[in-house]
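Please look over the sequence and the three-dimensional structure shown below. The paragraphs after them lead through selected parts.

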Amino acid sequence: MKITELQVITYILNCIRIRTKPCKYFQLNSPCFNAKEGIFSKKEMDRLIPEKWRLQHVYDDEEDDDSAYKPENYPIFVKPEWGQNASGVFRADDAASLAKIRKITRQARTRYLIQQGASEKREFEIFSILHHADKNRYAELTITETTNSSEINPVNSIYNPATAYREITDKFSEPQKQALWELLGQIGRFGISRASLRADSIAQMLAGKFHVIEVNLFAPMSINLLDPKYSNSELWQMIRRYMLALARITKYRDQSLTEKPVFTKIMLYNRQNPLLNFIRERL
């Protein structure tokens, strides 16, 4: 059984055990969901990031090259306003490669953004689940370093064969983990999230000297589970712990918030079927 499937099943069973509805998972980060567009907009998420950590991020929706945005520095990354697992993301190393990418993106149905590449050398994934009894604490927090064996400025993802993940949480003391949690709290406190950061070192990251590539709020995977050093038994123990924490925060989420059709809107996003789009627009 795949890790993702095992997590989903374990989460559902934990929800049943503690008497909460698994479908309410999609309300955990609903305040950041754009109900009109039906997405967790990368551009809107970008506004939550303090300027000191924010990479330049602009819409790339001009139809001709003369009026289109012209980056001052490369590399840049061209990414859809909504997407998971780096789907549809391109890297441009110069104006010529950007022009080729635009021939593709201008035919797409979704809106694209240009994000400036980060100058820092190392990439880190910070996964967290909020504590159900104290919204200022985390129930789970892991730090994983992402490496790439073939590129300097890669589009890393679980589908990139050159991408590897190495959990380094054990290199951090509890005060250091708390310090990192407090830093990320400047972006927001989310029920579940995974923040991708670029920093030159662990010390620099702990000092708040980094850039945020992206914050995933829809279905962020606990990416440390992809570290090959773990045995099946160790993976199972971690999955059980994470999914119990997730079920608990689902049960004790802020129920005063207006619920939004997060799952349905996202599942129907960018469909070519006119009927599906008609349904989506009226949710």
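Predicted model: local features only at pLDDT ≥ 70, side-chain atom pairs only at ≥ 80, totals over all residues.

Residues are numbered from 1 along each chain as its sequence is written, and side-chain values use heavy atoms, with hydrogens and water left out.

Strand 2 covers residues 76–80; strands (E, at least two residues) and helices (H or I, at least four) are DSSP runs numbered from the N terminus. Five of the five residues of strand 2 are buried, a term that means under 20% relative accessible area, with exposed being over 50% and partly exposed in between (1.4 Å probe, protein chains only). Ile76, Val78 and Pro80 point one way from the strand, and Phe77 and Lys79 point the other way. Strand 2 has pairing partners, where pairing requires that DSSP finds at least two bridges between two strands. With strand 3 (residues 90–92) it runs antiparallel, joined by three bridges, and here phenylalanine 77 has arginine 91 as its bridge partner. With strand 4 (residues 112–116) the pairing is also antiparallel, over five bridges, and lysine 79 stands opposite leucine 113.

Asparagine 148 belongs to strand 6 (residues 138–148) and is buried, with a relative accessible area of 17%. Its side chain makes a polar contact with the side chain of asparagine 156 at 3.0 Å; such a contact is a pair of N or O atoms within 3.5 Å, and within protein one must be able to donate a hydrogen and the other to accept it, while residues adjacent in sequence count only if both atoms are side-chain atoms. The side chain of asparagine 148 also reaches the backbone nitrogen of serine 150 at 2.9 Å.

Where is empty space left? Rolling a probe the size of a water molecule over the atoms shows this. The structure holds three cavities of 30 Å³ or more. A cavity is a set of points, on a 1 Å grid over the protein atoms alone, where a 1.4 Å probe fits but cannot get out, and lining residues have an atom within 4 Å of a point. Grid points are joined across faces, edges and corners, and a volume is the space filled by probe spheres set on the points. The largest cavity has a volume of about 160 Å³ and is lined by 16 residues. Strand 9 gives the most to this lining, with four residues.

How values were computed. 1 Å grid on protein atoms, 1.4 Å probe; cavity = no way out; pocket = protein on both sides within 12 Å on 5 of 7 lines; lining within 4 Å.
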